[in-house]
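Trainee: Please take one part of this model and go through it closely. I would like to know how it sits among its neighbours and how the copies are arranged.

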2 protein chains.
Amino acid sequence: MSLRELSAALRTGETTPSSAVEIALACIAETEADIRAWVHVDAEAARAAARELELVDGPRGPLWGIPVGIKDLIDVSGLPTRCGSSLRGAEPAQDDADCVRLLREAGAVIIGKTVTTEFGYFKPGPTRNPANLQHTPGGSSSGSAAAVAAGVIPLALGTQTAGSLTRPASFCGAAGFVAPIGTFSLHGVTGLSHSLDTLGFLAHSVADLHFVWNALAKRPGRDSGSDSDKPTRVLLWNGSGLGDVSTEMACALEQAATNLGSTGGHVTEWSEHDLIKQLAEAHADVMAYEAARERAAELDRPEELSGQLRELLTTGLRMTEKKYEAALQTVASSRRIVLALLDSVDAVLGPAALGAAPAGIEATGSPVLSRPWQALGFPVITIPGLRDADRMPLGLQLIGLPGREDRLFSIATKIESSLTPTPLPTFSNR
Amino acid sequence: MSLRELSAALRTGETTPSSAVEIALACIAETEADIRAWVHVDAEAARAAARELELVDGPRGPLWGIPVGIKDLIDVSGLPTRCGSSLRGAEPAQDDADCVRLLREAGAVIIGKTVTTEFGYFKPGPTRNPANLQHTPGGSSSGSAAAVAAGVIPLALGTQTAGSLTRPASFCGAAGFVAPIGTFSLHGVTGLSHSLDTLGFLAHSVADLHFVWNALAKRPGRDSGSDSDKPTRVLLWNGSGLGDVSTEMACALEQAATNLGSTGGHVTEWSEHDLIKQLAEAHADVMAYEAARERAAELDRPEELSGQLRELLTTGLRMTEKKYEAALQTVASSRRIVLALLDSVDAVLGPAALGAAPAGIEATGSPVLSRPWQALGFPVITIPGLRDADRMPLGLQLIGLPGREDRLFSIATKIESSLTPTPLPTFSNR
């Protein structure tokens, strides 16, 4: 059942918040031994919150009764925030993070905390990809993406510093939204890099994401219809300048572009490949430099850190200010060029990851295709729907401008509905 | 009549959009010869828009029937965007800027375009300060601030790159809100510096600003009451490290701080003076470098530019990348420190300008006290209410975190209501 269907059923009284919670808890009980998406399921608190919603007369929030999972970098009052690290103890958070409060105010019911990689970097937790348990779910929003894609919950919160939401959404087959930097308060969220950290959420479809965006951040003016009659104009970016994009992924992108073109959309090839490469490199530098300062306390106990995180932090510590400055400059000057490009088109469409989720759960795959866009801080929607011959999900990403999210959701919905659910053919290079 | 009172009267049918428009037009006719706040008043379009609102059955937007002025850097369909420069011709804009569309969707009625300084920089237009016609209204949102402060319209849009909204609000005695960078789409807004440009609005009181924020950007969850019982914690920043703050302004700040303390608030002195100075300098460098690239086309006709803008653009053109990089680095590293400081307090309270509006209309005063905060891109509220012995307005600014705007509005409202309307005493150094 989609989030919108569940919400409608809750509103008409066909179902209740309590029974939505019980269904989520039953799904967790059934799937958790395989998927391992949860750090902490707070059944008691969820049941109490549902009962409380049922007792209140008066206006109901837009997410009334919807069960939600919260990535374990985000504070939930009464539960510890373990950040996927042994360095964090069992002391419960005193307050909800602002984004959790926002969810509660909208009527959502918090089910528990979902697995994150270590401090949002690479070291995986125990979560497995629901499409194939031998494959990684991606990271760092691993548990949120897996729980949503497995149909256990209709909505989960994630965060993104590099590709921490877009990649697991693509790998698991969930729809994902990365909010533009600065949209939501990050109060109560453990960050990695203050120039790059942002909040987002995962759901079953783009239409569900749009519903949640409207619930949490929508401007309450009338719906804008003024853009919808204009032709969709999209820049097609194949991602190949940043890594080896699989043939299946290239074919998935091709299908979306062809469908857009055949329904009157204008599709133009992206030509600024150097710019994107420079942005991706600048992103990695900014992240290392800032993470070393943000997580300086953790470096005091290096034996408790993974080798990868230790390497990121020591790289950042050793980085010269000059290099960091140059990276910031690259981001700032590239922003002007991308803003100008996006003045004449609506969005950039590209692959959400280099390919389907790699086999193995000891690594979470590459975030490289998110780096350039995360550096700019623009809104990004991961569009699910396509699968390879092994039925592994392949996500696309649609990148737009801050403040133009409605237009972005409308184009992503159009693309999502144009994708055929039949698996793409097998290619010889696999 | 406040915006909220007008809105209530419109809703109950005590007044109509058409009569709200007629009153605004009559006020303009009465005051415009003195104040000169408008570049273009489109009476015909405003009357037609009001009539159209009255004919529509169905849901009414939150700003239904409210007359609004639009700063002349922002596109309004059918009117030219002259940007306070002879370089821009009379061709009308084809589309509304996104923010104008947002206003129309919320039910607002566009009255016309208000005077801006040349491309949002220093060269003043003809506008005069309604508190004393021999004094500058400040810039660059000169017309918007003057029209609101004179009581001609309840709401106007402005923009800010340095102190373009905060300073005129303070000088004219209006309440002003500078939205965090990235909140609103800037599509259709002529910018000066893409890392610093942002949108904002002016109204008669902080409560009116909060009403407009709710109308344009509010999350529709239930109102958050969870923070309101916590004591207000404010960092007091006297601004003296950046310029000569007048004794009257220092005394205005002191009054606000004393009142906060006496109602249970915690007020702590800001101690990071070097940080603020570095941020202000970095802001000026980023602005010059980016403006030179953003307005490169205008430099082809230097004889049509003011000396000040020409100097900004040539300074920016001559600036080394290295210097620009260092400025960006200062902003990024300062952000981490300020985020940490604001983790334990709610907001920073300081003077909105160095003092009351200076005499003369050939210069618009100094934006220096806005530079550090605009570099960070945080939300800022200008709180009106205090006046010096000559009855010239003195504004305070309250700076908070992106995404925590409700808390910021609530504290600013509390401060505003604590200020006594009696003029401050005259000081001997004047």
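Mentor: I will start with the arrangement of the chains. The model is predicted, and in it chain B can be laid on chain A by a turn of 180° and a shift of 0.0 Å along the axis, with an RMSD of 0.0 Å. That is the relation of a two-fold axis. The same surface serves both copies, since 98% of the contact residues of chain B recur in chain A. Within chain B, the residue that comes closest to the rotation axis is Glu325(B), with its C-alpha at 2.4 Å.

Now the part itself, strand β6 of chain A, which spans residues 198-203. This strand is mostly covered, with six of its six residues buried. In a regular strand the side chains alternate between the two faces of the sheet. In β6(A), Thr198(A), Gly200(A) and Leu202(A) point one way, while Leu199(A), Phe201(A) and Ala203(A) point the other way. Both sets are buried, with 20 or more other C-beta atoms within 10 Å of each residue's own.

Next come the pairings of this strand. Strand β4 of chain A, residues 155-160, runs antiparallel to β6(A) and is joined to it by six bridges. In this pairing Leu157(A) stands opposite Phe201(A), and Phe201(A) is among the residues that point the same way as Leu199(A). Strand β5 of chain A, residues 175-178, also pairs with β6(A) in the antiparallel sense, over four bridges. Here Gly176(A) has Leu202(A) as its bridge partner in β6(A), and Leu202(A) points the same way as Thr198(A) and Gly200(A).

Terms used:
Residues numbered from 1 in each chain as written. Chains lettered and ligands numbered in written order. Predicted model: local features only at pLDDT ≥ 70, side-chain atom pairs only at ≥ 80, totals over all residues. Least-squares fit on C-alpha atoms with pLDDT ≥ 70 in both. Contact = placed C-beta atoms within 7 Å. Buried ≥ 20, exposed ≤ 12 C-beta atoms within 10 Å, placed from the backbone. Helix = DSSP H or I, 4+ residues; strand = E, 2+ residues; numbered from the N terminus. Pairing = 2+ DSSP bridges.
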